[in-house]
Amino acid sequence: MGRRLALSWVVAAVICSAPPRQVGAQTPEPPPPDSAAGVPSPESLPLTQDLGRRLTLPVMVNGQGPFDFLVDTGSDRTVISRELAARLALPPGPRVIIHQSTGADNVETVVIDRLTVGSREIRHIESPSLEARNLGGAGMLGVDALRDLHVVMDFKEMRMSSSPSRAEPLDDHTFVVSGRSRFGQLILANARIHDQPVLVVLDSGSEVSVGNPALLRLLTGRSRSAEPLKSTTLVTVTGRRMVLELDDIAEADLGGIVIHNMPLAFGQMHIFDRFGLTRQPALMLGMDVMSLCRRVTVDLRRREATFTLN
């Protein structure tokens, strides 16, 4: 049956921010062959966590800063707060449609000439500008800043390292989970709940994990409590609000990592429609789960993630 390691649940957050998505986002090109030659040493940067356990990195914008940006593997666009954009006098860009949990919004963008994360510099970003109170920070780093990288989020050392796309070395405590790409996001394919396949989107920009109605239907009649479900309020990056039901899963298997007593929020979110994840059980895996691991790696180019427990 293979190796399995277990996690037990402790607490769950009650408010989450959902990331924006842009119509027409490009799918990453196929993964390159593995090669150890010419791969530079990873660059390591300090991480901090906000009250929702989401990760932030110091970022320079047009040579000014640093400013704390959330690391958001669930967003295909890097986003900046309106307040910071005004402070830096960033020029306006075109309006764009972004897709988030509760619907699609037509929003303004600003043009960032240079976004610097460590030694990595990204030029000319047309970044949606949204209110800081909804973002929860000065901005969000999306997958456009991470797409060609092998990103390691080390929760024990509170460091994030990056290097060119590569295979992650595996050991007895590390599991690799493969998937596919959709609008630039990584959708993991070999997770199971109650022995049924479940598609998983890694979303480090969200405080809590959220399941779709198909997953809730799967759990219905599977020894769930007869008590009424509790609820929580989701606040999106554009300020929309949505009430979600709360329940828990006795056991979830994420490619070999078994999570016991895992609470989930459930709702008919627009973003599941956007990803085509309505018929098959699916969930957005937030920081409430990922931060239980010692280390999580994400490689969008290779379409895989790894989870290390000890």
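Which residues does Ser129 touch, not counting residues up to four places away in sequence? In this predicted model, where local features need pLDDT of at least 70, side-chain atom pairs count only at pLDDT 80 or more, and totals for chains, interfaces and linings use all residues, Ser129 touches Ile80, Arg82, Glu108, Thr109 and Val110, a contact being heavy atoms within 4.5 Å. Residues are numbered from 1 along each chain as its sequence is written, and side-chain values use heavy atoms, with hydrogens and water left out.

Ser129 has its place in strand S10, which spans residues 120-130; strands (E, at least two residues) and helices (H or I, at least four) are DSSP runs numbered from the N terminus. With a relative accessible area of 4%, Ser129 is buried, where buried means under 20% relative accessible area, exposed over 50%, and partly exposed in between, for a 1.4 Å probe and protein chains only. Although Ser129 and Ser81 are 48 residues apart along the chain, their C-alpha atoms are separated by 5.2 Å.

The largest nonpolar core contains 64 residues, of which Val61, Phe69, Ile80, Leu115, Leu202, Leu285 and Phe307 touch the most other members. Strand S20 (residues 257-266) supplies the largest share of this core, namely five residues. A nonpolar core is here a set of buried Ala, Val, Leu, Ile, Met, Phe, Trp, Tyr and Cys residues joined through side-chain atoms within 4.5 Å. A second, separate core of 16 residues includes Val208, Leu234, Met242 and Ala282.

Arg192, found in strand S15 (residues 185-193), counts as partly exposed at 39% relative accessibility. The side chain of Arg192 reaches the backbone oxygen of Asp195 at 2.3 Å, and, neighbours within four places in sequence aside, Arg192 is in contact with Pro197, Val198, Ala252 and Asp253. The C-alpha atoms of Arg192 and Leu254 are 6.4 Å apart in space, while the two residues are 62 residues apart in sequence.

Key: Polar contact = N/O pair within 3.5 Å; in protein donor to acceptor, adjacent residues only side chain to side chain.
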